[in-house]
Amino acid sequence: MIEKKLDRAITDFIWNVVEIHSQLEDIHTSWAGLLGITEPQWLILMAITELDEGRGVAGIDIANKLRVHPAFVTNQTKSLEKSGFLSRRPAADDARFVLMSLTAKARTEIEKLSKRKLALNSTMFNELDEKSLAELNAALATIAKNARLAARLLAIDAS
C-alpha cells in the first residue's frame, strides 16, 4: 500500500512538472514576443544574463545551461546579434571560442520588462516564502541530479 502511494505521489509530481514546464514555455514565448524574438532566443538572453560575469559567455556554456546543442546556440546567437541584442567576440585567450554579451539595447529592453516580471513572479510564487523556495530548490536540484543519473542508466540499458 505504501509503495502504491509513493508511486502515485511520483506520478503526480511528474505531471505537475510537465504542467509547470508547459506554462513556463508559454510565459517565455510571451516575453520573447514583447522583444520580437523567439522563445529559444529569449532563453539564450536569460542564460547570458545569468552566466555573464562581465567577460562574456561562451556558446558551450549557454548550450550546457539550456541543455541544447552548441550549433543551435551559434545559429540563434548570430540572429540575436543581427537584431542588436548581443555582441559576439573571440575570447582573448583562445580565439576558437566566441564570447557573447548582452548589448545595451538588450539590457534596456529586459529592464523595461522587470516590473512585469516581478509581478508575474509574485503571482506564481505568492504562497511560498524564501525558506520554502530554498527548500523546494534544494529538493529539485537533488531530483535533477538523480534524473541525470537515471537517464544515463536508461541509455546504457537501451544500447
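Here are a few notes on the predicted model above, taken point by point.

1. Some ground rules before we start. Residues are numbered from 1 along each chain as its sequence is written, and side-chain values use heavy atoms, with hydrogens and water left out. Because this is a predicted model, local features need pLDDT of at least 70 and side-chain atom pairs count only at pLDDT 80 or more, while totals for chains, interfaces and linings use all residues.

2. H4 has 13 residues and reaches 19 Å from its first C-alpha to its last, close to the 18 Å expected at 1.5 Å a residue. That expected span is 1.5 Å times one less than the number of residues.

3. Which residues of H4 are buried? They are Val73, Gln76, Thr77 and Leu80. Looking down the axis of H4, you'd find its buried residues within an arc of 105°, so they line one face of the helix. (Buried is under 20% relative accessible area, exposed is over 50%, and partly exposed is in between, with a 1.4 Å probe and protein chains only; the arc is that of the directions from the helix axis to the C-beta atoms.)

4. What do those buried residues pack against? Their partners are helix H2 (39-51), helix H3 (59-66), strand S2 (86-90) and strand S3 (98-102), where contact means heavy atoms within 4.5 Å. Just after H4, Gly84 takes a positive phi of about 85°.

5. Now for the largest pocket, with a volume of about 1,600 Å³. Of the 34 residues lining it, Ile20, His21, Leu24, His28 and Phe125 are the closest to its centre. (On a 1 Å grid over the protein atoms alone, a pocket is an open set of points where a 1.4 Å probe fits, with protein on both sides within 12 Å along at least five of seven lines; lining residues have an atom within 4 Å of a point. The volume is the space filled by probe spheres set on the points, which are joined across faces, edges and corners.)

6. Which helix gives the most to that lining? It's H1, with 12 residues.

7. Asp7 sits in helix H1 and is partly exposed, at 48% relative accessible area. Asp157 lies in helix H7 and counts as exposed, at 64%.

Definitions and conventions:
Helices (H or I, at least four residues) and strands (E, at least two) are DSSP runs, numbered from the N terminus.
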